[in-house]
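Could you walk me through this model in the viewer, one selection at a time? I would like to know what to click on and what I will find there.

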Amino acid sequence: MALTAVVRIPTRALLRPWARLRDSALGWMEPVGGVEVSTQRFGSQRVLVEPASAAGVAVMTFKNPPVNSLSLELLTELVINLEKLENDKTFRGVVLTSDCPGIFSAGLDLTEICGRNPAHYAEYWKAVQEMWLRLYLSNLMLVAAINGACPAGGCLMSLTCDYRVMADNPKYAIGLNETLLGIVAPFWFKDTLVNTIGHRASERALQLGLLFPPTEALQVGMVDRLVPEDQVQSTALSVLAQWMAIPDHARQLTKNMMRKPTADGLLKKRDEDIQNFVSFISRDSIQKSLQMYLAKLRQKKG
Ligand SMILES: CCCCC/C=C/C(=O)SCCNC(=O)CCNC(=O)[C@H](O)C(C)(C)COP(=O)(O)OP(=O)(O)OC[C@H]1O[C@@H](n2cnc3c(N)ncnc32)[C@H](O)[C@@H]1OP(=O)(O)O
């Protein structure tokens, strides 16, 4: 297959991202009248996917400037590209990283959960759930190359990976800081953290909305390795090379055994979780908190 191919995504699907996801699952593509979104194999506008030099490995790079916030579009493209990698049996491992200097991901896009209507909140939350479920239960080996700040939803995304390599730069921090915004991390964010760093450390981190600098993140077990900034991706690739030595079927069944009970917690009540999110996020007091937080972020520059 050519390394550079233009992928055409139908215009109607760009307007309705979930239609696009479904179409992608069916392998459907519109030959004319679409929008050119990519020049990379499997890639799309906000998610670049390139085969690494090692066989069976791809690098997935998020490119949603300025801060890689998890917009509906980015979430949709992420899921589509992950699905394509999973369907292409030549790939066994993926490095997830960022194209935004100094930022892995700023987490959920606050403009998606602030000042919109309930139907939009529901659609957006479904996309967040889908991202988590697909990554958390992926049969692929996933390694996060965390080359910058990694708060909230960005941290969640990295926690779905099998291994985390972080840049050893004290300017960067990682954690679930939801309480600092006046919001509450849902139970499946909490479960993902507990599965990574344990109950007591999670209880403290979640209540205080702690953002850990790299050294502390390593100590608490939120990341697995710190390396100089320019070695984050190469280290992630060498970690993957070690994991590739394990037979896939045994590793995949083991991963599933470890993670399925947690994922089932959400799968069993996805709709209820969406309803809870919509009613929580629609509250006036929560919208006010989010608006104040966004205003503070915007004022920082002024
Ligand atoms: C039941 C409810 C559960 C919901 C669970 C929620 C999970 C979440 O993920 S909520 C999002 C939490 N995210 C954060 O708290 C991070 C906020 N951002 C930052 O701390 C910083 O932006 C940074 C450290 C990621 C980067 O800092 P810096 O390089 O200094 O960039 P700026 O702060 O100047 O930001 C540039 C630009 O981007 C806008 N922005 C930042 N984060 C977000 C975001 N998460 N969503 C949307 N927009 C974001 C920021 O407002 C600036 O915009 P402009 O001023 O218009 O340029």
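**Whole chain.** Start with everything shown as a cartoon, and keep in mind that this is a predicted model. The chain has 12 helices and 11 strands. Of its 302 residues, 40% are buried. Take contacts between residues at least 6 apart in sequence: 73% of them join residues at least 24 apart.

**The α3/α4 pair.** Next, select residues 72-87, which form helix α3, and residues 118-136, which form helix α4. Their axes come within 9 Å and cross at roughly 30 degrees. Angles under 35 degrees count as roughly parallel, so α3 and α4 are roughly parallel to each other. The crossing is left-handed.

From α3, show Leu72, Leu75, Thr76, Leu78, Val79 and Leu82; from α4, show Tyr124, Ala127, Val128, Glu130, Met131, Arg134 and Leu135. Colour this contact by class and you will find 10 nonpolar, 1 polar and 2 charged residues.

**The core.** Which residues touch the most other members of the largest nonpolar core? Select Val143, Ile146, Val165 and Ile174 to see them, within a core of 78 residues. Keep α4 on screen too, as this helix gives the core its largest share, 9 residues.

**Last stop, Ile146.** Centre on Ile146 and set aside its neighbours within four places in sequence. Its contacts are then Phe104, Ser158, Arg164, Val165, Met166, Ala167, Ile174, Val223 and Val232.

Terms used: Residues numbered from 1 in each chain as written. Predicted model: local features only at pLDDT ≥ 70, side-chain atom pairs only at ≥ 80, totals over all residues. Axes fitted to C-alpha atoms, helices over the stretch in contact; angles between N-to-C directions. Helix = DSSP H or I, 4+ residues; strand = E, 2+ residues; numbered from the N terminus. Parallel < 35°, antiparallel > 145°, perpendicular 65-115°, else oblique. Left-handed = near helix turned anticlockwise from the far one by under 90°. Contact = placed C-beta atoms within 7 Å. Nonpolar A, V, L, I, M, F, W, Y, C, P; charged D, E, K, R; others polar. Core = buried A, V, L, I, M, F, W, Y, C linked by C-beta atoms within 7 Å. Buried ≥ 20, exposed ≤ 12 C-beta atoms within 10 Å, placed from the backbone.
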